[in-house]
Amino acid sequence: PPLSDFDMGDVLTKGISQQSHDGSNNIYWTKWPELRHCRFFSGIGDGAAANIGSKCGSLSSVDDNERRIAVTIGTSAAARLCLPLEIDASNNSDNSDIVVPFGLFCYRVDKSTVLLGGALTDGGSIIEWARSLFNLQSTESFTACLEKVASMYDDLCNSSSSGVTMVPFLSGERSTGFRVGAAGCISGITRETTSTDIVYACLESVVLRLNAIIKLLTSVNQENHSQYILVASGNALEKNHLWRQMVSDCSGIDIVVDSDSNEGTSRGVALLIANTLCNGCSLKEPLEVKTQSVPNLKASDKWKNASVAQESLIDAVSSTW
């Protein structure tokens, strides 16, 4: 049947009518009599709803030159970007110069917006795996380990050493390669390697895969010269300052935690419905910055080397998958 968001705008405000917009009898008038005065809305992907709810919709930014990329680390991880893209009503097609890079997914949010992004099956689950492996399940032992990891990271930022390198595909690979049967791998272990080294490698590996997605997102429509900002969500990222700093250092982009967008997915659904019912009211929302991490320029070379090391390791072991 026609989608209410695209083809049956009157359904959103008036409910089901006895006749369709083309004058024919509407089968739903007799099929669903109890719903004649209900309003209908198309389903929406949870990622799209989360983006809009976390103030990362295509129209969320108060500054038209700013694009907000939602970066989420919960059990899994993802980076997503909403872009404006109207459907041409005359031929039901997109008028777009957007080319979707290989490695990203793209789907339509509504008739005026699309969502680009990439996802990792393992995000915070990598850390849970490491905690179980090294018996760091108590809060005290894990906190002590993270303090050592933070100190190690400070030292690595001033070093060209890549240390232990990890491929975080414990549950397979989604973005950016979508390789069937991919598995995790750790390289660079010596007699001096400790649990702290492995936990750090876990954090770093997820950051590097997220950055591979972020680089693809920022490569789309570069002629617009947009300024990017990363908006963090997900418990694993919101509660871990070190992880956010690593994401900022690796990507070279500021990352913020917004204090005003809890329950982002539910909030996004509510905003989309409200926007439709009020006939296109503004979705512009300023960020209420709770914390902000800015890139450490001294760490740039370290992350370049780490990226090369991880990509080389993926290339080396992917033939065994």
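Why are Arg131 and Glu128 separated by about one helical turn? The two residues lie three positions apart in helix 4, and this spacing is why about one helical turn separates them. The structure discussed here is a predicted model.

## Overall architecture

The chain contains ten helices and eleven strands. Of its 321 residues, 46% count as buried. Among contacts with a separation of 6 or more, 74% are between residues 24 or more positions apart.

Arg131 and Glu128 form a salt bridge in which the closest N and O atoms are 3.9 Å apart. Arg131 counts as buried, at 15% relative accessibility, whereas Glu128 counts as partly exposed, at 48%. Leu133 also belongs to helix 4, which spans residues 124-133. This leucine is partly exposed, with a relative accessibility of 48%. Together with Trp129 and Leu170, Leu133 makes a nonpolar surface patch of about 260 Å².

Trp129 is also among the residues touched by Cys202, along with Ile126, Ile127, Ala130 and Met166, when residues up to four places away in sequence are not counted. Cys202 is part of helix 6 and counts as buried, at 0% relative accessibility.

Beyond residues up to four places away in sequence, Thr196 touches Cys145, Lys148, Val149 and Met152.

Glu204 and Lys302 form a salt bridge, with 2.6 Å between the closest N and O atoms. Because Glu204 lies in helix 6 and Lys302 in helix 10, the pair ties together parts that are 98 residues apart in sequence. Glu204 is buried, with a relative accessible area of 2%, and Lys302 counts as buried at 3% relative accessibility.

## The two sides of helix 10

Helix 10 comprises 18 residues, 300-317, and reaches 26 Å from its first C-alpha to its last, close to the 26 Å expected at 1.5 Å a residue. Its buried residues are Lys302, Trp303, Ala306, Gln310, Leu313, Ile314 and Val317. They cover an arc of only 100° around the axis and therefore lie on the same side of helix 10. On the other side, Asp301, Lys304, Val308, Asp315 and Ala316 are exposed.

The buried residues of helix 10 pack against helix 5, strand 7, strand 8, helix 6 and helix 8.

## The buried side of helix 9

Helix 9 has 14 residues, 264-277, and its first and last C-alpha atoms define a reach of 20 Å, close to the 20 Å expected at 1.5 Å a residue. Gly264, Arg267, Gly268, Leu272 and Asn275 are its buried residues. Their arc around the axis is only 135°, which puts them on the same side of helix 9. These buried residues pack against helix 3 (46-53) and strand 5 (105-110).

The structure holds eight salt bridges. One of these joins the side chains of Lys55 and Asp258, at 3.3 Å from N to O. The pair links distant parts of the chain, 203 residues apart: Lys55 is in the loop between helix 3 and strand 1, and Asp258 is in strand 10. Both Lys55 and Asp258 are buried.

Note on methods: Residues numbered from 1 in each chain as written. Predicted model: local features only at pLDDT ≥ 70, side-chain atom pairs only at ≥ 80, totals over all residues. Heavy atoms only, no water. Patch = residues over 30% accessible without salt bridge, like charges linked within 9 Å, V, L, I, M, F, W, Y side chains within 5 Å. Areas by Shrake-Rupley, 256 points an atom, 1.4 Å probe, with all protein chains shown as cover. Salt bridge = Lys/Arg side-chain N within 4 Å of Asp/Glu carboxyl O. Helix = DSSP H or I, 4+ residues; strand = E, 2+ residues; numbered from the N terminus. Buried < 20%, exposed > 50% of the residue type's maximum accessible area, 1.4 Å probe, protein only. Expected span 1.5 Å × (residues − 1). Arc of directions from axis to C-beta. Contact = heavy atoms within 4.5 Å.
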